[in-house]
Amino acid sequence: MSGLDTTFYVAAGIAVLSTVKAITHFHAVRALLYFIVSLLSASVIFFILGNPFAASLEVITYAGAIMVLFLFIMMTLNLGSRSIQQERAWFSLKDGLGPLILAAILLGELAYTLFWGLPPSPPPSAVVVDATQVGKALFGPYVVGVELSSLLLLTGLIGAYHLGYRSIASAISEKKAGTQ
Amino acid sequence: MNGVPLEQSLLLAGILFILGLMGVLIRRDIVFILLSIEIMLNASGLAFIAAGSHWGTADGQVFYLFILAVAATEVSVGLALVLRMFHRFKTLDADAYSRMRG
């Protein structure tokens, strides 16, 4: 078993463990933290399998954009009289300790691959598919799929704007009715 | 082929998908249900990536990009619906939404 196989198994173990913690946790923000760790370990696995472009997209889009949207909505929903107390409770180190330990293991794997893994050993996978090939495939045979996904994203944008606008307007009117 | 065997990557994707399915079934908080759907989409993307790297083609990553677009759209519309539901029912419990008629 080579070192990169070990890296794969450690990352797979972290992915399964953090996903189990994410779906069984009672506190939504902590579950989101565990799910972000699961996405990071999936990104490590993508890199080991020889897909560096998908690995970077996993971190940027999934962990960066989608999970931040989740966190933003959770913090919006929790507005209330006890929110300051809750904020104070979230600043304790104890909540983030589990995800931090798992992320530190992933960071150790990154350091291992960067400093000890790559130069003597062969590349992570037999074939590395880089972003150039993905781009050529996207705008060659799959250009209809690109157009369809752009249409889907536009539909999602309009739908989210419509639903969000209505909910904000109703909240404002409720607040006005409450003050009068 | 000195990489990781395809079976083990697919096994990991299957385990993650079943965990997401269990999350949909056992949780009643609607944010957790959305999160579990994200877990399932991510697991299917992992299966595509594993198969694509096994055959050495870019098709796996192309389909991963499509899954990413679907996940982003689903989350934005789903969270907007969650906001509306929370403003109407003042709860995140999915069972409470069964009072909705029509």
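Predicted model: local features only at pLDDT ≥ 70, side-chain atom pairs only at ≥ 80, totals over all residues.
Residues are numbered from 1 along each chain as its sequence is written, and chains are lettered from A, with ligands numbered from 1, in the order in which they are written.

Now to chain A as a whole. Its secondary structure comes to seven helices and zero strands, with helices (H or I, at least four residues) and strands (E, at least two) taken as DSSP runs and numbered from the N terminus. Of the 180 residues in chain A, buried residues make up 30%. If we take contacts in chain A between residues at least 6 apart in sequence, 70% of them join residues at least 24 apart, a contact being a pair of residues whose C-beta atoms, placed from the backbone, lie within 7 Å.

Let us turn to helix H2 of chain A, residues 28–48. Its 21 residues should span 30 Å at 1.5 Å a residue, and the end C-alpha atoms are 30 Å apart, which agrees; the expected span is 1.5 Å times one less than the number of residues. Of those 21 residues, 18 are buried, so that H2(A) is mostly covered. Just after H2(A), A:Gly50 takes a positive phi of about 90°.

What is the angle at which H2(A) packs against helix H2 of chain B? The angle between H2(A) and H2(B), which covers residues 30–55, is about 5°, and their axes are 11 Å apart; axes here are lines fitted to C-alpha atoms, for helices over the stretch in contact, and angles run from 0 to 180 degrees between N-to-C directions. That makes H2(A) roughly parallel to H2(B), since angles under 35 degrees count as roughly parallel, over 145 as roughly antiparallel, 65 to 115 as roughly perpendicular and the rest as oblique. Among the residues that make this contact are A:Phe35, A:Leu39 and A:Phe46 of H2(A), together with B:Phe32, B:Asn42 and B:Ile49 of H2(B). By class, the contact has 12 nonpolar residues, one polar and no charged, counting Ala, Val, Leu, Ile, Met, Phe, Trp, Tyr, Cys and Pro as nonpolar, Asp, Glu, Lys and Arg as charged, and the others, Gly among them, as polar.

The 26 residues of H3(A) should span 38 Å at 1.5 Å a residue, and its end C-alpha atoms are 36 Å apart, which agrees. H3(A) has a kink of about 30°, centred on A:Glu58, where the bend at a residue is the angle between axes fitted to the seven residues ending there and the seven starting there. The buried residues of H3(A) include A:Phe53, A:Leu57, A:Glu58, A:Tyr62 and A:Phe70, and their cover includes H2 and H6 of chain A as well as H2 and helix H3 of chain B.

With H3(B), residues 59–89, H3(A) packs at an angle of about 0°, the axes being 11 Å apart, and the two helices are therefore roughly parallel to each other. On the H3(A) side, A:Leu57, A:Ile66 and A:Leu77 are among the residues that meet H3(B), where the partners include B:Tyr64, B:Leu68 and B:Phe86. This contact divides into 16 nonpolar residues, three polar and no charged.

Stepping back to the whole interface, 53 residues of chain A are in contact with 47 residues of chain B. On the side of chain A that touches chain B, H1, H2, H3, H6 and H7 each supply at least two residues, and H7(A) gives the most, with 13 residues. That side has 38 nonpolar, 13 polar and two charged residues.

Where is B:Asp29 placed? B:Asp29 lies in the loop between H1 and H2 of chain B and is partly exposed, with 15 other C-beta atoms within 10 Å. Leaving out residues up to four places away in sequence, B:Asp29 touches B:Leu92 and B:Asp93.

Conventions: Buried ≥ 20, exposed ≤ 12 C-beta atoms within 10 Å, placed from the backbone. Contact = placed C-beta atoms within 7 Å.
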